[in-house]
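Please read the points below with the structure open beside you, taking each residue in turn. They are meant as a colleague's notes on a few side chains.

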Amino acid sequence: MSTKLTAGVLFLALLGVPSGWSAELKTHHRWKALWIISGVALTAATFFDAGSSLGQREANPVLQNSQGMFSSTRGMALKGGLLSGTLIVQALLERKNLGNAKSFAVTNFVAAGVLGGVAWHNHTIANSSVPAN
């Protein structure tokens, strides 16, 4: 599916669904569309956070290599695995119970905001250590 087509489908999903559907179903479809968008935001924030750590000292011992730096292989594998696991569990739970999309969307957007803040912080640390010319 092309990027433009995917963006178009998500845009139409946010605008609304056919008027014959019940208000509750329309609301669920809007939250489901937001949940999908929040998953994309969470994915982007996760990789932005991991990218901002590359070549930097790492405070988390699980993500460190032997020199105390961010381990790109271990760090990306753990961050990607946690992200994938989270989104798969959410998808399975959403399939079982149609009422979860709202809480998942809110949780994902909050987590994306936190990870975005961490990535921003990492970039400010990296930029402050570079001497000005």
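1. Contact here means that heavy atoms lie within 4.5 Å. The model is a predicted one, and with that meaning in mind, leaving aside its neighbours within four places in sequence, Asn108 is in contact with Trp35, Ser38, Gly39, Leu42, Leu87 and Gln90.

2. Asn108 belongs to helix H4, which covers residues 101–128, and the residue is buried, with a relative accessible area of 2%. Its side chain is joined to that of Ser38 by a polar contact of 3.2 Å.

3. The structure holds one aromatic pair, and in it the ring centres of Trp35 and Phe104 are 6.3 Å apart with the planes at 40 degrees, so the pair is tilted. Because Trp35 lies in helix H2 and Phe104 in helix H4, the pair ties together parts that are 69 residues apart in sequence. Trp35 is buried at a relative accessible area of 11%, and Phe104 is buried at 13%.

4. Which residue forms a salt bridge with Asp49? The partner is Lys79, and the closest N and O atoms of the two are 2.6 Å apart. This pair links distant parts of the chain, since Asp49 sits in helix H2 (residues 23–53) and Lys79 in helix H3 (residues 72–96), 30 residues apart. The count of salt bridges comes to one.

Definitions and conventions: Residues are numbered from 1 along each chain as its sequence is written. This is a predicted model: local features need pLDDT of at least 70, side-chain atom pairs count only at pLDDT 80 or more; totals for chains, interfaces and linings use all residues. Side-chain values use heavy atoms; hydrogens and water are left out. A salt bridge is a side-chain nitrogen of Lys or Arg within 4 Å of a carboxyl oxygen of Asp or Glu. Helices (H or I, at least four residues) and strands (E, at least two) are DSSP runs, numbered from the N terminus. Buried means under 20% relative accessible area, exposed over 50%, partly exposed in between (1.4 Å probe, protein chains only). A polar contact is a pair of N or O atoms within 3.5 Å; within protein, one must be able to donate a hydrogen and the other to accept it, and residues adjacent in sequence count only if both atoms are side-chain atoms. Rings of Phe, Tyr and Trp (its six-membered ring) pair if their centres lie within 6.5 Å; planes under 30 degrees apart count as stacked, over 60 as edge-to-face and the rest as tilted.
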